[in-house]
Amino acid sequence: MTSTVGTARGAGGVDTALLETVRRTGASIGAVYLLSPDAQVLRLDALCGVPAEFAAPWARVPLVAPAPVADAVREDRLIWVGSQDEMARSYPRTAMALPYPLALAAAPITGVGRWGTLLLMWPAARPPLLTRREHGYVFSCCRRIARLMEDATASGHPHAPGEAPREVPLERGLRSPSAAGAAADFAERLPGGSCALDLEGRLTYLSAGGAELLGGDAADLLGTLPWQSLPWLDDPTYEDRYRAAVISREPVSFTACRPPGRWLDFHLYPDGGGVSVRIVPTDARPPPVPAPGHAPSSGPPARAGRLYHLMHLAAGLTEVVGVQDVVDLVADQIMPAFGAQGLVLSSVDSGRLRITGHRGYPAETIERLDGLPVDTTLTPAGQALASGIPSFLADPEEMRRIYPEAHPISGKQAWAFLPLIISGRPVGCCVLSYDRPHTFASDERAVLTSLAGLVAQALDRARLYDVKHQLAHGLQQALLPHSLPTVSGFDVAARYLPATRGMEIGGDFYDLIRLGETAAAAVIGDVQGHNVAAAALMGQVRTAVHAHATLGAPPDRVLSAVNTLLADLDPGLFTSCLYAHADFARRRLSLAGAGHPPPLVRHPDGRVEVLDVQPGPLLGIDPDAAYPVTEIPLVAGQTFLLYTDGLVETPGTDIDDSLAELAGHLAATDERDLDALIDILLARVRPASRRTDDIALLVLRCPDAEPGGAPAGR
């Protein structure tokens, strides 16, 4: 009971903060998203200004999704989208499912920790940027909600989103009964007809003239959705015009034909409480390309909302990478869109159905279903795969009647068995299930069948990607050093990070080579590309460097030998490299570079300097290239940072500015714990969400001198 009360209080506080911010900023729509306990998904908690049905495609947003609400909390910054054109450029997937003129702001809800995102939308006619006052209101609301979340958590009753988002009604001015009657009389005196819709599209008022033009009785039409109660308006085009008015808050008009041939103009005027509609006969002849009427078909057309939802899901399936991404998208977006409570996604592997992901089933049920033969009769999945035809079962009785050999296993009450077929080849089966009997309408079946084809394509691509990725990742891990040797004159730490997009592998490498008791060599390099070929060539380059270094060759001779090897191999890929030879007896460091970014050195007094290493050309271009050597003294307390270009190169940013930023971070960071130093540099210079290239770092520190003057090496 106490937990329920705490949750209710938290919800009330969130709703109040949301409403005040919507009112103060003049937004037409507001929403609050909260992070799931595992911080992997944003769930819609509260919504005002539109029905919850409109937000169905975004009720659950993975934190890694390319969406404004995810970017805001992931990157901890305000996301502003000022127009539909900007939305199409920056967030094409969102623009596809929200094709209306609007402006949008998404702000992170953060306090002691990350909690979620505040989303606000305005009509497109607003000014192109947030004012300073609006900016203040937005972040004040975020801080207020963050405090509510922290207080609820501290009290032992954390607030969590419900199964469905709360619809928070916008406050509207009250009208006296006499004013309402006067308004109705006013509408009745106007020529043509008038009606009003609430935000969900239901008729709340209909004048006598409007009823006559629509061809129905007001008593029968009030409380209904016009595109359902009037067959000639049963077309997604007309419903979409209503959705456009509600979301954009801009007037919208369209023309429709009431059979047998009476054309009517509809003018929609929206606000935060609903839509006022004027209906007038079309004076002229029908337009050359009229709005489509209700054409005979085998079933009713799909609703506009479901069509946009299908486009949103289709765009999402084109962006998934691995098999787990497919599972997460189906579970987070397709399941809620169709009200399903269970999911089993299987893939065909050596004649058996291997379960790759599931939701809403106990482990023992999944264990029983995993690995069934493709032609199994234990569930309808086998017959659906054999025939290639989806099977929709509304209740257990229908299951028993159509599939008498199937055994009740899970306790579910309705199922959709969707075979995943590509060019006649079965790749798997997707099963959506329900805890209660569920009748599948014809448009629902059509959309699910279309989605099954898209899921099949995505699953097949994802399996191929996972196989290639595992191969390349294994190859790369085998070629990079598992550990670095202990050398007497350096403390060392190294790190390799893949890019956050693509194959997540690359040709960046590093190594530390022990050359007796008084010398060592450090090398870092970058092979062009992010694929298996780059990883394989990286292994060849690292091996060649190691071989020539252990023979005692100086830096310029090492790079020249590797350059000759690559010119002979002609792999079609270029390589940058920096080679440093440390002579601890002479206290000298000799460096040679091949098109590689210069190293940084932090001096004992805290100054950071970009070393002026005269570079040679990239390896593999000119077999006769020379590689000049730069020599500097080794001083106790120095810290050297060797890195690849993924740490400093960003499109549109000058490399000198990036190096200056990196040097500033190195100067401001305690360098005694080298692993912690690398963590801080990576977090400040290249956050994980924005790595477009792989990164390798190698940090070398000359230990402080012990009493007596000898360096304290490890």
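**Entry 1: what I'm looking at**
I'm working with a predicted model. I began with the aromatic rings.

**Entry 2: aromatic pairs**
I noted that a pair of aromatic rings is described by the distance of the centres and the angle of the planes. How many aromatic pairs are there? The count is nine. I looked up W232 and F266: their ring centres are 6.5 Å apart and the planes meet at 45°, so I wrote this pair down as tilted. W232 is in the loop between α9 (226-229) and α10 (236-248), while F266 is in strand β11 (residues 262-271), so the pair ties together parts 34 residues apart in sequence. Buried or exposed, I wondered about W232? W232 is buried, at 9% relative accessible area. F266 is buried too, at 5%.

Next I checked Y434 and F440. Their pair is edge-to-face, with 5.6 Å from centre to centre and 80° between the planes. Y434 and F440 are both buried.

Back at W232, I found a cluster: ring pairs link W232 and F266 with Y238 and F254.

**Entry 3: charges over rings**
I then looked for charged ends above ring faces. R243 lies over the face of F54, 4.3 Å from the ring centre. K412 has its charged end over the ring of Y361, at 5.1 Å from the centre. I marked K412 for another visit.

**Entry 4: the six-stranded sheet**
Which order do the strands of the open six-stranded sheet follow? I read it as β15-β14-β13-β18-β17-β16, with antiparallel pairing. At the edges I found β15 (372-373) and β16 (391-393); each has a single partner strand, so one side of each has no neighbour in the sheet. Strands β17 (residues 414-422) and β18 (residues 425-434) pair antiparallel over nine bridges. I picked out L420, and its bridge partner in β18 is G428.

Helix α12 (residues 323-337) lies across β13 (342-349), β14 (352-359) and β18, and runs at about 55° to β14.

**Entry 5: salt bridges**
I noted that side chains of opposite charge can pair when their charged atoms come close. The structure holds 22 salt bridges. One of them joins R359 and D328, at 3.2 Å from N to O. R359 is in strand β14 and D328 in helix α12, so I logged a link between distant parts of the chain, 31 residues apart. Both ends are partly exposed: R359 has 29% relative accessibility, and D328 has 25%.

Then I went back to K412. Its salt bridge is with D435, and the closest N and O atoms are 2.9 Å apart. K412 sits in the loop between α15 (396-402) and β17, and D435 in the loop between β18 and α16 (442-479), so the pair ties together parts 23 residues apart in sequence. K412 counts as buried at 9% relative accessibility, whereas D435 is partly exposed at 42%.

**Entry 6: around β27**
Strand β23 (residues 588-594) runs antiparallel to β27, and four bridges join them. L591 has T630 as its bridge partner in β27.

I finished with the charges here. D583 and R586 meet in a salt bridge of 3.8 Å, N to O, and D583 is buried at 17% relative accessibility. Salt bridges with shared partners join D583, R586, R588 and E631 into one network.

Terms used. Residues numbered from 1 in each chain as written. Predicted model: local features only at pLDDT ≥ 70, side-chain atom pairs only at ≥ 80, totals over all residues. Heavy atoms only, no water. Phe/Tyr/Trp six-rings, centres within 6.5 Å; stacked < 30°, edge-to-face > 60°. Helix = DSSP H or I, 4+ residues; strand = E, 2+ residues; numbered from the N terminus. Buried < 20%, exposed > 50% of the residue type's maximum accessible area, 1.4 Å probe, protein only. Lys NZ or Arg CZ within 6 Å of the ring centre and 35° of its normal. Pairing = 2+ DSSP bridges. Contact = heavy atoms within 4.5 Å. Axes fitted to C-alpha atoms, helices over the stretch in contact; angles between N-to-C directions. Salt bridge = Lys/Arg side-chain N within 4 Å of Asp/Glu carboxyl O.
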